[in-house]
Amino acid sequence: PKIVELLAKENSDIICLQEVDNFQNFYKPQLENLGYWCYYRKSYRGDGLVIAFKSHLFVLTGVHEVDHDQVGIPYYKFGYGTGAIITEFVHTPSGKNLIVCNSHFWWDPALDCLKIGEFLMNMHKVSSLQNQVAEIAESHYLNNVGIVFCGDYNSMPFSNVIRYAYS
């Protein structure tokens, strides 16, 4: 399949996928054959999020799931299962810490406020983890912890949530 060919060609150290279905029977064995270890978060809809990484380059030190259904906006009672996987890694060759957040946001373009709420939930969790990792590493320098945000934000490049994320 084309996606497997593309992933093999790119040979990324870390891969983040959204709206993944058929994980156990297709994606997991394909990614494992390419040398990746995978973490999968299944949504209520049946699809999910994947963070896959080269296990010879990274040690997984923590996994956290964020449920965006708890965002707390009164009219948001859809239960669509949007959320995030946040992983903590140590890069084996360098010993540096890395936090990766892979998200899937609500689809409706009219609900920018909801997407900003989802982003803030992720940001709050990542910020908390960043502080913990820096403290454990005894560096106390937050910039020593690399952070990567990726995902399906269901937003246009100049939407409010993307502008907020860049600010």
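1. **α1 and α2.** In this predicted model, α1 and α2 pack at an angle of about 25°, their axes 11 Å apart. The two helices are therefore roughly parallel to each other. (Roughly parallel covers angles under 35 degrees; axes are lines fitted to C-alpha atoms over the stretch in contact, with angles from 0 to 180 degrees between N-to-C directions.) Ile3, Val4 and Leu7 of α1 make the contact with Phe26, Tyr27, Gln30 and Leu31 of α2. Contact means heavy atoms within 4.5 Å. The crossing is right-handed, that is, the near helix is turned clockwise from the far one by less than a right angle.

2. **Conventions.** Residues are numbered from 1 along each chain as its sequence is written. Local features need pLDDT of at least 70, side-chain atom pairs count only at pLDDT 80 or more, totals for chains, interfaces and linings use all residues, and side-chain values use heavy atoms, without hydrogens and water.

3. **Buried side of α2.** Helix α2 spans residues 23-33, and its buried residues are Phe23, Phe26, Tyr27 and Leu31. They fall within an arc of 115° seen down the axis, so they line one face of the helix. The arc is taken from the directions from the helix axis to the C-beta atoms. Buried means under 20% relative accessible area, exposed over 50%, partly exposed in between (1.4 Å probe, protein chains only). These buried residues pack against α1 (2-10), β1 (14-20), β2 (36-42) and β3 (48-54).

4. **Other side of α2.** Gln24, Asn25 and Asn33 are exposed, on the face turned away from the buried side. Just after α2, glycine 35 takes a positive phi of about 95°.

5. **Two backbone points to check.** Most residues other than glycine have a negative phi. Asparagine 11 has a positive phi of about 50°. Asparagine 11 sits in the loop between α1 and β1 and is partly exposed, at 46% relative accessible area. Glutamate 19 has a positive phi of about 55°. Glutamate 19 belongs to strand β1 and is partly exposed at 43%.

6. **Whole chain.** The protein chain has 4 helices and 7 strands. Helices (H or I, at least four residues) and strands (E, at least two) are DSSP runs, numbered from the N terminus. The order is α-β-α-β-β-β-β-β-α-β-α. Of the 167 residues, 43% are buried. Among contacts with a separation of 6 or more, 63% join residues 24 or more positions apart.

Definitions and conventions: Angles under 35 degrees count as roughly parallel, over 145 as roughly antiparallel, 65 to 115 as roughly perpendicular and the rest as oblique.
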